[in-house]
Protein chains: 2
Amino acid sequence: MEHLFNPNGIAIVGASSNPGKAGFVALRNMKEKGYPGAVYPVNPRETEILGYPCSRSLREIQGNVELVVLIMPSKLIYSVMDDLDRRMEDRGDVRFIVCAAADYAETKTPEGCDRQARLMATAQRFGIRVVGPNCIGVIDNRSWVDTTFVDTGIPFSSFGEPSGISFLSQSGALASAVLMEGAGRIVPMLYNKFVSIGNMADVDFVDLLEYLETDASTRVIGIYMEGYRDGRTLAKVLGRVSRKKPVVVLKVGRSASGANAANSHTGSMAGADSVYDAMFRQNGVIRVDTIGELIDTLRAFDRMPLPAGGNLFLYSQAGGPGIYCTDAICSCPELRMPVLPESTKQRLAQTQLPMANICHPEGYADITASASVENHVEGLRVVLEDRQVDAVVFITVVPTFLPQKELAEALVRLERSFRPDHRKPVYYCVMAGAYTAPARGIMERAGLCTFDTPDKAVLAARNLCRYAAFLSGHREEDAQ
Amino acid sequence: MEHLFNPNGIAIVGASSNPGKAGFVALRNMKEKGYPGAVYPVNPRETEILGYPCSRSLREIQGNVELVVLIMPSKLIYSVMDDLDRRMEDRGDVRFIVCAAADYAETKTPEGCDRQARLMATAQRFGIRVVGPNCIGVIDNRSWVDTTFVDTGIPFSSFGEPSGISFLSQSGALASAVLMEGAGRIVPMLYNKFVSIGNMADVDFVDLLEYLETDASTRVIGIYMEGYRDGRTLAKVLGRVSRKKPVVVLKVGRSASGANAANSHTGSMAGADSVYDAMFRQNGVIRVDTIGELIDTLRAFDRMPLPAGGNLFLYSQAGGPGIYCTDAICSCPELRMPVLPESTKQRLAQTQLPMANICHPEGYADITASASVENHVEGLRVVLEDRQVDAVVFITVVPTFLPQKELAEALVRLERSFRPDHRKPVYYCVMAGAYTAPARGIMERAGLCTFDTPDKAVLAARNLCRYAAFLSGHREEDAQ
């Protein structure tokens, strides 16, 4: 897979100088990200696009090409493959094809199937691996490869460092929505590796999971799945990978109609959802219900240590959101609001204003809207230092009179004051929308994990806790 | 209540020239909104704030004052009330007090209770109604009253027209979060009337529901509730209001710990959640689970007609999101994906590319990523014209090559081509994040209701359907 994610030379067949075409956006994305290798647009009707000299055909390219991106109309596949055959006979350099275009076997028409067969004939003859067809492409934000034709609408300079999140999607549209959701965060987020696998004519979930299993820059794997033909192999690989790093899955086709739609879409036999559900549970795969939960959970895994257990303390500056969050925590059987020892309650009270509510109910503090930056931070320190506490949901609404940047910087300092092996997950819920974007920006850029509403923070906390329980169950088994 | 929402003269006691203080932000909000009446800041240590001449005391103000906003430190309540006593003896003009400050009876300290008693003594003596204490204030975006000290971080000029959504909240922090969530939408949203009722020392849910019941500019009422002392009266009023306009409630204290926290917070006896739940259901109140669902549902009620029934057609340009949405629809017993007659299926197919999936499963179309603007719009028209269809979820990811503004404008034209009494609710899910903000902006400003992910659209659709079923059940009862 190294040649897919970090190829020596990329050709883009169907590159275009028309900004309204996918073949233009793909080239522009690659240029914007600053891929350091050679990029060869291929289009017989152009001489140069975005400063790259254009080749008339694959065969004509003089330099080395390890990755070929196909983005031209699907009916041209015959001539492009003939051309690639000749190139491979001459030079034999191509290792991967990413076929981003649609209108192949997923249409279930004889024409579409024939086009896909033609693509695969060349691939098999020369041992070229194929991603797609019917996908939006591949991204590696470590080697700055981006073959997608997705415009996030966010200038590239405003993105943060690449995350440790790698993502695989069976649907191009869902993949692009996930890309966009990440880009729309307070600090726009770059995925580590990102693969839209489309029809899975060749490269599939299992291939990529096996690669990501040992990929050092991947901390957590996210998957959008409609179905997979070989459940037994998938289960085996998921079980193995899950012991090393978390796998978070959004699997659709829960309902009979949804399964029917999935079959019409990528031809997946979605299979009985309960079978998948049991398989995920047995193998420690974290299943999520919505796109929002998917991304929140992936970010929480990427940015925070795992909790030692399910004791989640709720530390809130605001009563209403605190009660709302208490309900959310109590709806998760994995989570408990811990009873702190009297000594900790006293220390906590000493850091707060007299009106603060300390531990009514247990596991809860409401430090009130009058809390200063120091009240916010020093109380959180006391809570985090208590051995009963495995994790904290921290809520603040940041009233106008609270200096938000000071608060953000103090929280960052607090997090950094803990030895890395003493860190606990803190789900920072900073609720006041656009107004608190500066504070959240400071926290996010420093590696903290922020949320906009408490329900989202609690779902992520539950999912980390679920995975931690799976891992510790396995460690016990292994120890026996 | 007219004197609360449209007072002749407003005094702000505790106004400040320090931008870090609540007393500054409240005055600035009023100035920014352009309240046309007289505004009198009161602060003995200032002569002028933001261009308004400052008075030393309430008594000193020469003009008429119908609304007094108290935002000064709570310990000053004694002298301020003494002063108000004298003003009322002289002029008797004040009709409402909004006591925004905290540190009153909610603290359950003797001092706090005494302060609240002092406030209420003057109020009762002169028949002045009180909102609060311990609230963030009151907004009326028709008369441009805004006594809150909340900074949304969004310039006022970018807000749309005032909506028909009025909102009541027992928690100031939750109220401010809801204000911020609205402000953070693609087109920032203004509430119609917005009241943070805090401790409910006087004005409470029932008073305000009775007012909003006949308030012409209120189309839908949203409530955040911790508890209410007189369940019988509340039920009666809710049942009556719900027959006229929808009431959407986020009620916390579902869990025992949450109820305990609510009691510590506003002193509400939350009562058994199941009792509230049954009361809401019987009275047609739509109960929601999250802040996001609350706002999505309020906006859907405000912007769209009610569906005639539960037949929800799913019209998607993207396979993965379509399947994901199918699952969401099938999880709601209120909704069905309708079987269209063959003639409609044929007409629909004629508007689409050959590869489109027409009604596999029933009630579903996937027009594919290659669909043009015309494919998007003409197919939707056919679906909306079918008598089987009560409502539509429309999903598009807007690929780079689809001109998004053209699509948005064509959808607006389509909506306007239906006679108002033939309109059906369409939940427009436009998924591609920041990239499609221009399209969503056009649609939102034209009154359409857009969502970012399908799960959110489906929850709103379910809630409208639930309310429509309640109403039609009542119409049947009334007819018998």
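This is a predicted model: local features need pLDDT of at least 70, side-chain atom pairs count only at pLDDT 80 or more; totals for chains, interfaces and linings use all residues.
1. Residues are numbered from 1 along each chain as its sequence is written, chains are lettered from A and ligands numbered from 1 in the order in which they are written, and side-chain values use heavy atoms, with hydrogens and water left out.

2. **Overall build of chain A.** Chain A has 16 helices and 20 strands. Helices (H or I, at least four residues) and strands (E, at least two) are DSSP runs, numbered from the N terminus. The radius of gyration is 25 Å, close to the 23 Å that the globule rule gives for 480 residues, so chain A is as compact as a globular protein of that length. That radius is taken over C-alpha atoms, and the rule is 2.2 Å times the number of residues to the power 0.38. Along the principal axes, the C-alpha atoms of chain A fill a box of roughly 80 × 50 × 40 Å.

3. Of the 480 residues, 63% are buried. Buried means under 20% relative accessible area, exposed means over 50%, and partly exposed is in between (1.4 Å probe, protein chains only). Now take the contacts in chain A with a separation of 6 or more: residues 24 or more positions apart account for 77% of them. Contact means heavy atoms within 4.5 Å. The accessible surface of chain A is about 17,300 Å², and carbon and sulfur atoms hold 50% of that. Such areas come from the Shrake-Rupley method with a 1.4 Å probe; for residues, only the protein chains shown count as cover.

4. **The interface.** Chain B puts 59 residues in contact with 59 residues of chain A. The area buried between the two chains is about 4,300 Å², with 70% from carbon and sulfur atoms. Buried area is the accessible area (1.4 Å probe) that two parts lose on being put together, summed over both. Which three residues supply more than any other three of the area that chain B buries against chain A? They are B:Ile323, B:Tyr324 and B:Thr400, with 14%.

5. A:Cys359 is not a glycine, yet its phi is positive, about 70 degrees. Its relative accessible area is 4%, so A:Cys359 is buried. A:Pro361 lies in the loop between strand E16 (357-358) and strand E17 (364-366). A cis peptide bond joins A:His360 to A:Pro361, with omega about 0 degrees.

6. **A:Met200.** Check this backbone too. A:Met200 has a positive phi of about 50 degrees and is not a glycine. A:Met200 lies in the loop between strand E11 (193-196) and helix H6 (205-213) of chain A. Buried or exposed, how does A:Met200 count? A:Met200 counts as buried, because its relative accessibility is 17%.

7. **Two loops of chain B.** The peptide bond from B:Gly132 to B:Pro133 is cis, with omega near -5 degrees. B:Pro133 is in the loop between strand E7 (129-131) and strand E8 (138-140). B:Arg91 is in the loop between helix H3 (77-90) and strand E6 (96-99). With a relative accessible area of 39%, B:Arg91 is partly exposed. Leaving aside neighbours within four places in sequence, B:Arg91 is in contact with B:Ile61, B:Gln62, B:Gly63 and B:Asn64.
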